[in-house]
Number of protein chains: 2
Amino acid sequence: MTIYEGTMEKKGISQAVIQRLPRYYRYLEDLMDQNIDRISSSELSKRMHLTASQIRQDLNNFGGFGQQGYGYNVKNLHEEIGKILNIDREHPMIIVGAGHLGIALANYTNFRKRGFVLRGIFDSNPKLWGEKVGDLKISPMEEIESVVKQYHIRLAAICIPKDVAVPVAEKLISYGIDGLWNFAHVDLEVPDHVVTENVHLSESLMRLSYRVFEERS
Amino acid sequence: MTIYEGTMEKKGISQAVIQRLPRYYRYLEDLMDQNIDRISSSELSKRMHLTASQIRQDLNNFGGFGQQGYGYNVKNLHEEIGKILNIDREHPMIIVGAGHLGIALANYTNFRKRGFVLRGIFDSNPKLWGEKVGDLKISPMEEIESVVKQYHIRLAAICIPKDVAVPVAEKLISYGIDGLWNFAHVDLEVPDHVVTENVHLSESLMRLSYRVFEERS
DNA sequence: TAGATTGTTAATCGATTAACAATC
DNA sequence: TAGATTGTTAATCGATTAACAATC
């Protein structure tokens, strides 16, 4: 897609690999919980239902984290993948839309654990303003800009209806947001420097429907 | 994966294609809302940021829905994809776990629109029993079995913590559930006849983090 | 009919798997 | 050292794209 020129830091890692990274991270976490401190690609491949070859290929996109004859050090690999995913430090974020889904995300303690710190939750409905969510209060949309600028926020979850998602996303981008976690049922068209990650729940449910109800022999 | 023998109905459609089907469905819906009643693969490819070739290939996995020199009839194609996805009829489903996420899903009117009819929402916390969610009441887990059997339910959304997700999923399967929509942070190991669709939100957020904070040149 | 656009085959591209030499 | 397991190259497999004849 993008043509890199001159001194480039990182060769293009394929989306398929990036897709799998957080899953490796989760499995390594589980291993740590079980006090397992080394693992071979073949043992991990059995647990994850992948091939050992794929695991080694994936990891070698980022450097040699293993050791011949030994395997991988769980704690070390976990940390390295954390660095790759950029979750080795805190990232402030906001949630736009305080409906059930926005509230659900705000209450997800797992995100905090991964370093994502909620700095604001906003809604256009005045009835919700001031209502507490964790240790934050729901604020009017008009306050997004100042919060984003104050905390240099780059990540925003979009939990509003699809018809308002497009203009709101544009505003967010103009404030400096460049990572949109989009739960609205639209594909957002964004400038090149902005990244979107879509979570289209109804599409996920339709895929399940396809697979459950397809004729199997 | 599976080896089909004898008279088989459907050749294996690749996951990549299935992944895209609900998105086609959504775009066709948008076209209908705009009163557009025919579209060529090339026009659709521009809107969806795909190649026209891919669209034609994808659709031809299921049959020739287009017409040379004309393109595709939007309404017709929408209906055909609906049939493929098995959302041309109603599917009862349940939600297990009435935390914020379970409640959020229960309130998603979009699912109902796609034919997914909520028949029960359950939680182990007695304090929640009897509380209203839409026109349902939160019920104890003990009642899952009878509801599943009464309505011949095959789909269940799992919105409970990861440590209880595994045993609960096993129970659900024993009651006849064979489609698990899993929001817990575990990969469920299920028998061959059961299908799982995972929505691992924290993994999605980590992918966003990777892409936003990776060094770009 | 002529023009447009599909359905489909062939070519290309990329991702996964296999194999094995390097090395801890 | 011998055994185990990585890192990496080569082979395979599958998915995407290109091309074009069929046909509405």
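1. A quick definition to start: a crossing of two helices is left-handed if the near helix is turned anticlockwise from the far one by less than a right angle, and right-handed if clockwise. In this predicted model, local features need pLDDT of at least 70, side-chain atom pairs count only at pLDDT 80 or more, and totals for chains, interfaces and linings use all residues. Residues are numbered from 1 along each chain as its sequence is written, chains are lettered from A in the order in which they are written, and side-chain values use heavy atoms, leaving out hydrogens and water.

2. In chain B, have a look at helix α2 (residues 41-48) and helix α3 (residues 52-60), which pack with their axes 8 Å apart at an angle of about 110°. That makes α2(B) roughly perpendicular to α3(B) (the term covers angles of 65 to 115 degrees). The crossing of α2(B) past α3(B) is right-handed.

3. Who touches whom here? From α2(B) come B:S41, B:S42, B:L44 and B:S45, and from α3(B) come B:A52, B:I55 and B:R56; contact means heavy atoms within 4.5 Å. By type, the residues of this contact of α2(B) with α3(B) are three nonpolar, three polar and one charged.

4. Now for the two chains: 72 residues of chain B are in contact with 72 residues of chain A. Together the chains bury about 6,700 Å², with 59% of it on carbon and sulfur atoms (accessible area lost on being put together, 1.4 Å probe, summed over both). B:M206, B:Y210 and B:F213 supply 11% of the area that chain B buries against chain A, more than any other three residues.

5. The interface of chain B and chain A also has 12 salt bridges, counted where a side-chain nitrogen of Lys or Arg is within 4 Å of a carboxyl oxygen of Asp or Glu. One salt bridge joins B:R23 to A:D187, with the closest N and O atoms 2.8 Å apart.

Methods
Axes fitted to C-alpha atoms, helices over the stretch in contact; angles between N-to-C directions. Helix = DSSP H or I, 4+ residues; strand = E, 2+ residues; numbered from the N terminus. Parallel < 35°, antiparallel > 145°, perpendicular 65-115°, else oblique. Nonpolar A, V, L, I, M, F, W, Y, C, P; charged D, E, K, R; others polar. Buried area = accessible area lost by both parts, 1.4 Å probe.
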